[in-house]
Amino acid sequence: HDSFTGEFLNVGVAFYCQSPAFFKVRLLQKYSRITSAFPLADGEFYRRYISSLQTKFDKMAEKVNSKQTAFEEWLPDRIEELLYQVLPSDDSSIQFSEAQGGMTDDLEATFEDIYRRLVEIHLPTEENQSRSDLDVWSVFSKTLREQNVIRYLCPTIIHADSQDIEFEHAWKNGRWKALQPLSFDLLHPGTIDRKAWQYFGRNVILEKSKELTILYYLLGKPRREDSAVLKHYAKAKDLLGSSEHSKKIQLIEEDEAEDFARDIAPKIEADTSHEKGK
């Protein structure tokens, strides 16, 4: 919150291996722990800022892990050379600690273990048992990365009815198209209802915008077999995807992620190439 005090909370982990090439960063989007520790912290600003950083790190991870020519077959010895390209070392509130090293025969499993030990273990029980929009995005981004189209996505702001609505993952062909991950993997039915109505309100606003063609809601389904939670999730889908204000909306569930990525990838490539050709 204030680097002068020297008080820090772990909100993410960055992991890097030069060979085999492996780079992964995961940042905590939930902010209740931060605002509990630092009451003056702006939780919504934190969420937007962290989401923006995560998008940048994901794009860098795609380049590193696929050894794209943008890196000219070069990968640094140390992780700092990658991290500082997105988040320079300064006196801001978000900082990386000094790098540490080790050995493992399973990079992905070790990353998950360290993230749990340094970040998730400190979350309130409710947050630990639910998923954020960023968690859901990780499911869909994996399939989009496999189709090699993540690099075409970028943040944008849609202006509608004197309101600005931000999207982290969008592309353009004359008008914008966007992907919005939405986690409904939440503990309480009331929380699902509130989130559905929040985004229904955005649907109403976006319906009048001439800047947006289509919005794909990428849905994270509740994992618990709780009849009340699943019932409210079904109602949330009806509200978001079947109302008179859903003409620009398409719902995609997690179990459709691979098929969706295969279907949308050529469209994204065609749209972006057409846009560049203008």
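Guide: The side chain of Q18 and the side chain of D77 form a polar contact at 3.2 Å. Welcome to this predicted model.

Visitor: Which residues does Q18 touch, not counting those up to four places away in sequence?
Guide: Start with where Q18 sits: its place is the loop between β1 and β2. One partner is D77, through the polar contact between the two side chains. Leaving out residues up to four places away in sequence, the list for Q18 is L75, P76 and D77.

Visitor: How far does the backbone oxygen of L75 lie from a polar atom of the side chain of Q18?
Guide: L75 is one of the residues that Q18 touches. From a polar atom of the Q18 side chain to the backbone oxygen of L75, the distance is 2.9 Å.

Visitor: Is Q18 buried, partly exposed or exposed?
Guide: Buried means under 20% relative accessible area, and exposed means over 50%. Q18 has a relative accessible area of 34%, so the word for Q18 is partly exposed.

Visitor: Which peptide bond is cis, with omega near 0°?
Guide: Most peptide bonds are trans. For the exception, look at the loop between β1 (12-17) and β2 (22-27), where P20 is found. The cis bond runs from S19 to P20.

Visitor: Which residue has a positive phi although it is not a glycine?
Guide: Most residues other than glycine have a negative phi. The residue you want is in the loop between α6 and β3 (154-160). With a phi of about 65°, it is N148.

Visitor: Does N148 count as buried, partly exposed or exposed?
Guide: The limits are under 20% for buried and over 50% for exposed. The relative accessibility of N148 is 33%, so N148 counts as partly exposed.

Visitor: What distance separates the C-alpha atoms of Q18 and N148?
Guide: Q18 is in the loop between β1 and β2, while N148 is in the loop between α6 and β3. They are 130 residues apart along the chain, and their C-alpha atoms are separated by 21 Å.

Visitor: Which helix gives the most to the lining of the second largest cavity?
Guide: The second largest cavity holds about 40 Å³ of space. Among the residues lining it are N203, L206, E207 and H245. The lining divides into three nonpolar, two polar and three charged residues. Giving three residues, the main contributor is helix α7.

Visitor: What are the residues closest to the centre of the second largest pocket?
Guide: About 1100 Å³ of space lies in the second largest pocket. The elements giving two or more residues to its lining are α2, α5 (125-128), α6, β4, β5 (175-183) and α7. By class, there are ten nonpolar, eleven polar and 14 charged residues in that lining. Of its 35 lining residues, the closest to the centre are E44, R47, D133, K195 and Y199.

Note on methods:
Residues are numbered from 1 along each chain as its sequence is written. This is a predicted model: local features need pLDDT of at least 70, side-chain atom pairs count only at pLDDT 80 or more; totals for chains, interfaces and linings use all residues. Side-chain values use heavy atoms; hydrogens and water are left out. On a 1 Å grid over the protein atoms alone, a cavity is a set of points where a 1.4 Å probe fits but cannot get out, and a pocket is an open set with protein on both sides within 12 Å along at least five of seven lines; lining residues have an atom within 4 Å of a point. Grid points are joined across faces, edges and corners, and a volume is the space filled by probe spheres set on the points. Helices (H or I, at least four residues) and strands (E, at least two) are DSSP runs, numbered from the N terminus. Ala, Val, Leu, Ile, Met, Phe, Trp, Tyr, Cys and Pro count as nonpolar, Asp, Glu, Lys and Arg as charged, and the others, Gly among them, as polar. Buried means under 20% relative accessible area, exposed over 50%, partly exposed in between (1.4 Å probe, protein chains only). Contact means heavy atoms within 4.5 Å. A polar contact is a pair of N or O atoms within 3.5 Å; within protein, one must be able to donate a hydrogen and the other to accept it, and residues adjacent in sequence count only if both atoms are side-chain atoms.
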